[in-house]
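Reader: Could you walk me through this model, strand by strand where that helps? I'd like the terms spelled out as we go.

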Amino acid sequence: GHDVISAGAGDCAVRTWDVESRRCTATLVGHADHVQAMSVSQDQPLVATGGKDGQIRVWDVRQRACALEIATQGEEVLSLHLNPSETMLAGGFTD
């Protein structure tokens with residue numbers, strides 16, 4: 001597999017790039033406001049994102065689809081961390 005970089009953008013999308021070819025391989029759309037936090041799985045094709053819209057989304061990069069959506073209680077998501085065994089996702093929020 002190729003190395004991949006993921007990043008949030010001001011247009012509320014998350015993009016992944018193939019490092020070798022320097023090409024965008026996926027545009028993941030679903031957040032209703034800016035993406036402010038991201039955590040990338042070390043072993044699986046998963047990216048967790050959080051935004052000003054109070055949503056946490058876990059994306060399957062291979063499928064280019066949201067695999068899980070978690071609604072906060074309207075709080076902006078400021079930080080995310082997916083633990084190495086991918087059994088827990090921690091988030092930091094505004095209150």
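Author: A definition to begin with: two strands pair if DSSP finds at least two bridges between them, and strands themselves are DSSP runs (E, at least two residues) numbered from the N terminus. This is a predicted model, in which local features need pLDDT of at least 70 and side-chain atom pairs count only at pLDDT 80 or more, while totals for chains, interfaces and linings use all residues. Residues are numbered from 1 along each chain as its sequence is written, and side-chain values use heavy atoms, with hydrogens and water left out.

Reader: Fine. In strand 6, which residue is the bridge partner of V47?

Author: The bridge partner of V47 in strand 6 is W59; strand 5 and strand 6 are antiparallel and are joined by 5 bridges. In their hairpin, which has 3 residues between the strands, G54 takes a positive phi near 75°.

Reader: And what does strand 4 do with strand 5?

Author: Strand 4 (residues 35-40) pairs with strand 5 in the antiparallel sense, again through 5 bridges, and one of these pairs V40 with V47 in strand 5. The two strands form a hairpin with 5 residues between them.

Reader: Is strand 5 enclosed or open, and why?

Author: Strand 5 is largely enclosed by the rest of the structure, because 5 of its 6 residues are buried, where buried means under 20% relative accessible area, exposed over 50% and partly exposed in between, with a 1.4 Å probe and protein chains only.

Reader: Take T49, then. Where does it lie, and what is it in contact with?

Author: T49 lies in strand 5 (residues 46-51) and counts as buried because its relative accessibility is 0%. Leaving aside neighbours within four places in sequence, T49 has contacts (heavy atoms within 4.5 Å) with residues including V14, H31, V35, A37, I56 and L80. The side chains of T49 and W59 are also joined by a polar contact of 2.8 Å; that term means a pair of N or O atoms within 3.5 Å where, within protein, one must be able to donate a hydrogen and the other to accept it, and residues adjacent in sequence count only if both atoms are side-chain atoms.

Reader: Which residues make up the largest nonpolar core?

Author: The largest nonpolar core has 6 residues, namely A37, A48, I56, V58, V77 and L80, and strand 6 (55-60) and strand 8 (77-82) are the elements that give it two or more residues. Such a core is a set of buried Ala, Val, Leu, Ile, Met, Phe, Trp, Tyr and Cys residues joined through side-chain atoms within 4.5 Å. A second, separate core of 5 residues includes A26, L28, V35 and W59.

Reader: Changing topic: how many disulfides?

Author: The count is 0 disulfides, a disulfide being a pair of cysteine sulfur atoms within 2.5 Å. For C24 the nearest cysteine sulfur, that of C12, is 16 Å away, and C24 counts as partly exposed at 39% relative accessibility. For C66 the nearest is also that of C12, at 15 Å.

Reader: Last one: in what order do the strands of the open sheet run, and which stand at the edges?

Author: The open sheet of 3 strands has the order 1-2-3 with antiparallel pairing. Strand 1 (4-8) and strand 3 (23-29) stand at the edges, each with a single partner strand, so one side of each has no neighbour in the sheet. Strand 1 is joined to strand 2 (residues 13-18) by 5 bridges, and V4 has D18 as its bridge partner in strand 2.

Methods: Helices (H or I, at least four residues) and strands (E, at least two) are DSSP runs, numbered from the N terminus.
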